[in-house]
Amino acid sequence: MHVRIDAKYLAAAIIAVLVALPFTASTSLLYMLGLAFIFVVYAVSWDIVAGYTGQVNLGHTVFIGIGAYTTALLNTSRLGIELSAPVWLTILAGGVNALSFGLVIGIICLRLRGYYLALVTAILPLIFIQIANVYSGVFGGYEGFSVGLGKSLATDLKLRYYIALLFMLISIAAMYIVVKSKIGIKLRAVRDDEELAEAVGIDVVKYKLIAFCISAFFAGLAGAMTVHYRLTVGVDLFDIPLMLAIVLGVIIGGIGTFYGAIVGGFAIYIAKNWFFRIIAESLAVPVSDDFLLYLLLIALIIKAPEGIVNRVKAFLSSKTTKQ
Amino acid sequence: MGLAEVIVLGSIIGGIWALVASGFSLVFGVARILNFAHGTYFALGAYVAVVLNSALKNFMSDCFSLILSIILSIFIVGFIGVAVYKVCIRPVKMYGVMIILVTLAIALLFEEILLTTFRDTPISVPFPLSGVVSIAGVPVPYTRLVALVVAILVIALLDRFINATRTGKEILATSQDSEAAMLVGIDVERIYVIVTFVSAALAALAGILYSQIYAVNPQTAIRVLIYAFAIVILGGLGSVRGSIIAAFIIGFMQVAVSIALEARWSEIAAMLAIIAILIVRPRGLMGVE
């Protein structure tokens, strides 16, 4: 196992393929890939909190949904105000709004430990879904609403694909810089041993909150991007199935490894929206793609709770040490 | 109207929530399992009872088939709970967070199964008696009265079971310190199985009673979790008595909110209550470590 491929060259090769793809791929594949790029940002931003601080935030979709609804409401007159701001500005507003929610939720929730944190964050999305339903005049109820063709990222699908790709690359780069900085090191110290981190003078709560806010900001941006990519907003962006798909992606890739969230997030989105759909249609029994996704998730968790990549790594290193 | 209504109707829904939350709390207190599939057992209880009843009533009198299918449903869901524990939860028991994810996935899996089999039309377990009694000037249909009586009886039985039987004492010992319990010769794994069975069966009973008053659809499984969480956070994770008290508080609050505002606000109110409690007491009212 001494065949080392330099990560830089590999990344460059993958990006080159993704840039060249619109010239050969079908429009439906391109459309799906664009959404997969945005999904990768959901996954990486979740991993910032889960993998780097060890806090299990099951309410990540709250930030995605808030980003999405912020930009959607700013671009329609459903709030009763007519704003003619450029789309990129309202997307940014989505990110900032998610960040402010992240700050408030973080201040309340990060005092809680382990189980209580998971319990509370798990119900947060359900509450937002309920609010969207109660005020269906504004939020469009369960179905949501459309922002209109004029508010698209770009009317040309190829251009939209490139914008989504660029968005993913910039977001990943930004989060990578954070993770590799001193902040990232302190975050990992907090994850590995909170008391020890506190003892060496790291303000544990402050760094958890920083991670929470970064995570919320990028999730909010990605949620807003989704709206202008697919032109609709709905409570599915808040809902538990999306949360589980994000978690599944990060677990498959390996939690807290950064690249794991990228690879796993991308793979799971493609699997769910392409392979599982084909399999579900070809089966005689009426099952949905979601059903297959949950089965896969359960099987994966039972067989490899610490992440497939870590499992494979452990397997390989045990092989090499034996030789 | 007003206060009497809140107390009477609140205790009825509170009794049902007490069944749900005491089981949820028991499993966490004893086995440290945070079971997000608990609401699924609630919904399954109603569905299995309805299916069994429609099959059985061809062979026997309506009343007898109803009682038989309710009892069978409670046992079947109890065994489903044990199966879920043995197949899915035990392999990941040392990874606390994975328990949450795997049970959440199970909850969504069952929701998908129920949706494809029964669509999302709400179902109700039939109730043989019709009529209304007046309690403190509040008209209470027999369905609700029976639900309250059954809930209180079962909770009293559960309390006796935990505090006065040998198995109950083993359960208490395991919840206090599972390793020490093992050292004194308690089969901890057997205790876990018993506790998961009791917990799932209680949820199934609650689901049946609930569906006789209101109705259950596949999405109920997740919605019930909001109340279960609110109750256990209020009462403290792992404290069964705390959950029972908290269940009635949440029941009163729910009815009060429904009267003052509208029923759809009660979940939001429950959530706000959770946040308020956690700001004041991050470990709930009577929580365990």
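In chain B, confidence is lowest in helix H11 (residues 266–280) of chain B, with a mean of 76, and highest in helix H8 (residues 188–213) of chain B, at 93. The scale here is pLDDT, the predictor's confidence in each residue, from 0 to 100. Chain B averages a pLDDT of 86, and 97% of the residues score at least 70.

This is a predicted model, in which local features need pLDDT of at least 70, side-chain atom pairs count only at pLDDT 80 or more, and totals for chains, interfaces and linings use all residues. Residues are numbered from 1 along each chain as its sequence is written, while chains are lettered from A and ligands numbered from 1 in the order in which they are written. The model scores ipTM 0.80 and pTM 0.85.

Chain A averages a pLDDT of 84, with 92% of the residues at 70 or above. Its lowest confidence falls in helix H14 (residues 308–322) of chain A, at a mean of 60. Its highest is in helix H3 (residues 60–75) of chain A, at 92. Helices (H or I, at least four residues) and strands (E, at least two) are DSSP runs, numbered from the N terminus.

Now look where the chains meet. The contact takes 31 residues from chain A and 33 residues from chain B. Two residues are in contact if their C-beta atoms, placed from the backbone, lie within 7 Å. On the side of chain A that touches chain B, the elements giving two or more residues are helix H5 (114–134), helix H11 (240–253) and helix H13 (289–303) of chain A. H5(A) gives the most, with 12 residues. By class, this side of chain A has 26 nonpolar, 3 polar and 2 charged residues. Ala, Val, Leu, Ile, Met, Phe, Trp, Tyr, Cys and Pro count as nonpolar, Asp, Glu, Lys and Arg as charged, and the others, Gly among them, as polar.

H13(A) also packs within its own chain. Its axis lies 8 Å from that of helix H12 (residues 259–282) of chain A, at an angle of about 105 degrees. That makes H12(A) roughly perpendicular to H13(A) (65 to 115 degrees; under 35 counts as roughly parallel, over 145 as roughly antiparallel and the rest as oblique). Axes are lines fitted to C-alpha atoms, for helices over the stretch in contact, and angles run from 0 to 180 degrees between N-to-C directions. H12(A) brings Lys272(A), Phe276(A), Arg277(A), Ile279(A) and Ala280(A); H13(A) brings Asp289(A), Leu292(A) and Leu293(A). These residues divide into 5 nonpolar, no polar and 3 charged.

Return to H11(B). The axes of helix H9 (residues 220–235) of chain B and H11(B) come within 9 Å and cross at roughly 25 degrees. H9(B) is therefore roughly parallel to H11(B). Among the residues of H9(B) that meet H11(B) are Arg223(B) and Tyr227(B). The contact of these two helices has 12 nonpolar, no polar and 2 charged residues.
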